[in-house]
Amino acid sequence: MSRDAPIHCWPGSYYLTSDKRWENGTLSLSRSAVRFVSKQTKETLANFRLSRITEIKMESSSFIFSTLTVLEEGNVKHWFGSLKPNRVVVYNVMEHFWRERLLSPTGSEARGGAPLSEPSKGRELINLVAGAQRRLEDTGRVLSYQGEQFDNMMQGLEKMDSDLGVADKLLSELESPSWWPFSKFPWKIQQEAKAEDAARAAAASKASARSKVIASIPAVVSKEGDCDLKPGCLLVLPSSLEVRDAACRLLHRFERGEVDEIRVHSPYEITVGQRFIGRPDVRCRLLSAKMPEALAVLEMQYKKKVEFTAEYATFRATPASSPCDDGLLHGCLETEVPMEVLAGELSQLQVHVLQPAVSQAEAQELKQMLLQLKSLAMEAETELERQDEALNVLTNSADQANMTIGKHTCRMKRLL
């Protein structure tokens, strides 16, 4: 029977309580289970589900140093030692996936899960959401074209304002007496200072409008050159990606136009890279149990920069293991459906309950599509706010230009 593809593996050793000795091998973490395989015999020495873990700790004693212990239901304790690169990294990753699974027992499965069943209510909902997404994408393209027109108008008004400034300077020199040593009068300097303050305030409001969070997921994070994976989070914004630590301190901000690559190693692990000339590149590696939610948004925002590696193909080709896989049968003892049901005893309501209208795979696909819709809607809202501000600036600039032209005309008439 096929098993889950491992999310991450670490070389280490496992303590065999019966033989009172350590066995070298590989510790692996998959979607739903933890497994340790002996290096010498290739035998599975430990295999238990994440849902059965009650505690994960880093322990030390006079006999056992730098170990990671996992307490399973039934008071079964597993000891792992000599973990590479170190036990802190393994603890951070395992504790993250275990905690997220506790918070979301159904868990989000990888994209390469089992194929969707025949359409039902879930498929109808998916088609409706897909149609809404296409309409919103068309609206976004129209908004983008309209924004380009506003930008061209702003550039034209800025050039006009620059020309009017030159005209104002020339008129001031013609109007000022020959004994005046300055090119501008004091009140002119005050007016320019007020205009600069207003421009800075407008820029600050525009920056706050683009700082809305589309998606925020907890993750374990490391920067290139640092082997330690530490708890943190990933924030997906309309204009950037932010990597923060557990205290929400900013580790690195990737502006949207500066992201050069997003390598997807698995549905739970990505690497975001930014290249530089003359100095080292910046890459951040992120692992998260909720990464599939962020991937749905990243694929839409960074279409040409998302690259799926050969490791990701393993997850697409490997179906999620059944809860009743070998060595995990103890997790299948509890069930809500009776094992034996006599013919004719199921009512229509019970049949409806046993056959849900929306399958788990359809619900996951709907969730990802709704996240994409949320991203599109927030980008459209941000663009509308930007265009609304641009329209206000255009109106004020046009009025100011008309007034300035009228004043310059009067001043020129007085000089004649």
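A: Let's start with Arg256, which lies over the face of Tyr302, 5.9 Å from the ring centre. A charge sits over a ring when NZ of Lys or CZ of Arg is within 6 Å of the ring centre and within 35 degrees of the ring normal. Before going on, keep in mind that this is a predicted model, where local features need pLDDT of at least 70 and side-chain atom pairs count only at pLDDT 80 or more, while totals for chains, interfaces and linings use all residues. Residues are numbered from 1 along each chain as its sequence is written, and side-chain values use heavy atoms, with hydrogens and water left out.

Now look for Ser240, which touches both Arg256 and Tyr302, and also Leu235, Arg253, Phe254 and Glu255, leaving aside residues up to four places away in sequence. Contact here means heavy atoms within 4.5 Å. Ser240 belongs to strand 10, residues 240-245. Strands (E, at least two residues) and helices (H or I, at least four) are DSSP runs, numbered from the N terminus. Ser240 counts as buried because its relative accessibility is 2%. The cut-offs are under 20% relative accessible area for buried, over 50% for exposed, and partly exposed in between, with a 1.4 Å probe and protein chains only.

There's another charge over a ring to find: the charged end of Arg279 sits over Phe276, 3.7 Å from the ring centre.

Next, helix 4. Helix 4 (residues 291-301) and helix 7 (residues 360-415) have axes that come within 9 Å and cross at roughly 45°. That angle is why helix 4 is called oblique to helix 7. For the wording, angles under 35 degrees are roughly parallel, over 145 roughly antiparallel, 65 to 115 roughly perpendicular, and the rest oblique. The axes are lines fitted to C-alpha atoms, for helices over the stretch in contact, and angles run from 0 to 180 degrees between N-to-C directions. On the helix 4 side, the contact is made by Pro292, Glu293, Ala296, Val297, Met300 and Gln301, and the helix 7 side includes Gln364, Leu371 and Glu379. Helix 4 is mostly covered, with 10 of its 11 residues buried; among them are Met291, Leu295 and Leu298.

Helix 7 has another partner. Helix 2 (residues 121-175) packs with helix 7 at an angle of about 20°, with the axes 7 Å apart, and the two are therefore roughly parallel.

At 27% relative accessibility, Lys290 is partly exposed. Lys290 touches Glu100, Ile217 and Pro218, again leaving aside residues up to four places away in sequence. The C-alpha atoms of Lys290 and Phe97 are separated by 9.0 Å, although the two are 193 residues apart along the chain.

The whole structure holds six aromatic pairs. Rings of Phe, Tyr and Trp (its six-membered ring) pair if their centres lie within 6.5 Å; planes under 30 degrees apart are stacked, over 60 edge-to-face, and the rest tilted. The partners are 171 residues apart, with Phe97 in helix 1 (residues 87-103) and Tyr268 in the loop between strand 12 (261-266) and strand 13 (269-274). Both Phe97 and Tyr268 are buried. Ring pairs also join Tyr14 to Phe36 and Phe80 in a cluster.

Finally, check the loop between strand 7 and helix 1, where you'll find Pro85. The peptide bond from Lys84 to Pro85 is cis, with omega near 10°. Ser82 is in the loop between strand 7 and helix 1, and its phi is near 55°, a positive value in a residue other than glycine. Most residues other than glycine have a negative phi, and most peptide bonds are trans. At 55% relative accessibility, Ser82 is exposed.
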